[in-house]
Amino acid sequence: MTKNKVRNRCISLVIMAFPCATAAAQQPHTLTGDMRFHKNFHSKILKNDRDVIVYLPPGYEANKRKRYPVFYMHDGQNLFDGATSFIPGQEWHVDEIVQSLILAGKVEPLIIVGIYNTGKDRVNEYTAAEDAKFKAGGHADLYGRFLVEELKPFIDATYRTRKDRAHTGLGGSSLGGLVSLYLGLRYPNVFTRIAVVSPAVWWADNQIVHYSAAQSRKPPLRIWLDIGTREGRDAAEAQKTVDGARLLKETLIKKGWKAGKDLEYFEAVGAEHNERAWAARVEKILEFLFPSKI
């Protein structure tokens, strides 16, 4: 196998979110609940456009005075709809799961904002440093400005949100998990409920570990961190992925997070690196980050 083929195969494990238009067109839509769409949302900061999909909780239209916490999630095309997901028909089922949890009183009613990736820009936007091996990455600061200066103000102006940091979350998987923790640490005045799902900790020589360790003080973040035990092309690679997540967990604990309190670490036995695996963890993630009562 050539170097380029190896590089492309490796990087595909962390990209995992390019839209597949031809296949997706053959898939039925699978949306549940009150969904709103904002097509081609333009960013002056990133100089690109992306779709944004918004889930509104039951009762949103009935009570015009009530405001809701917001959970911003990356790779929006994979969250709600099998017709738009990277792997056609395979999605996180966030809409069905959160709807059920809200109606059962297991999580507080919340708004979920699915931020589509733009495909070609995903790796750069979701990483804070360039990985020399892949010669890619390093635009997370710009992506963070897009979220904080452009998208969040739009969402707050359009929907009845609770704008403060205590009621605002950020989450994603793989590189989306990396950028969620990075931006949570960078903007603790904006985001405090963070989902770090199957993070590619190894990116840029464990940059996220070094960045976490370098924090001068522990910000008030409530962090969900998880990993599957089969996230790799073979047993050795899967173990390296698990070791990376454990290293990140231990780094956070050394900085002051307390396991079972403001840090929840979960290893999904037998879980691979895909939407099906992440869908199986959505309920646990939401119950930890947005419980009925904290």
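A polar contact is a pair of N or O atoms within 3.5 Å, where, within protein, one atom must be able to donate a hydrogen and the other to accept it. In this predicted model, such a contact of 3.0 Å joins the side chains of H74 and S180. H74 is located in strand β3, which spans residues 70–74. With a relative accessible area of 2%, H74 falls under the 20% cut-off and is therefore buried. Beyond residues up to four places away in sequence, H74 touches L79, I115, Y126, Y143, L147, L170, G171, G172, G176, V179 and S180.

The protein as a whole contains ten helices and eight strands. Its radius of gyration is 18 Å, in agreement with the value near 19 Å that a compact globule of 294 residues would have. Along the principal axes, the C-alpha atoms fill a box of roughly 55 × 45 × 40 Å. Of the 294 residues, 56% are buried. Among contacts with a separation of 6 or more, 75% are accounted for by residues 24 or more positions apart.

The accessible surface of the protein amounts to about 12900 Å², and carbon and sulfur atoms contribute 52% of this area.

Key:
Residues are numbered from 1 along each chain as its sequence is written. This is a predicted model: local features need pLDDT of at least 70, side-chain atom pairs count only at pLDDT 80 or more; totals for chains, interfaces and linings use all residues. Side-chain values use heavy atoms; hydrogens and water are left out. Helices (H or I, at least four residues) and strands (E, at least two) are DSSP runs, numbered from the N terminus. The radius of gyration is taken over C-alpha atoms; the globule rule is 2.2 Å times the number of residues to the power 0.38. Buried means under 20% relative accessible area, exposed over 50%, partly exposed in between (1.4 Å probe, protein chains only). Contact means heavy atoms within 4.5 Å. Accessible areas come from the Shrake-Rupley method with a 1.4 Å probe; for residues, only the protein chains shown count as cover.
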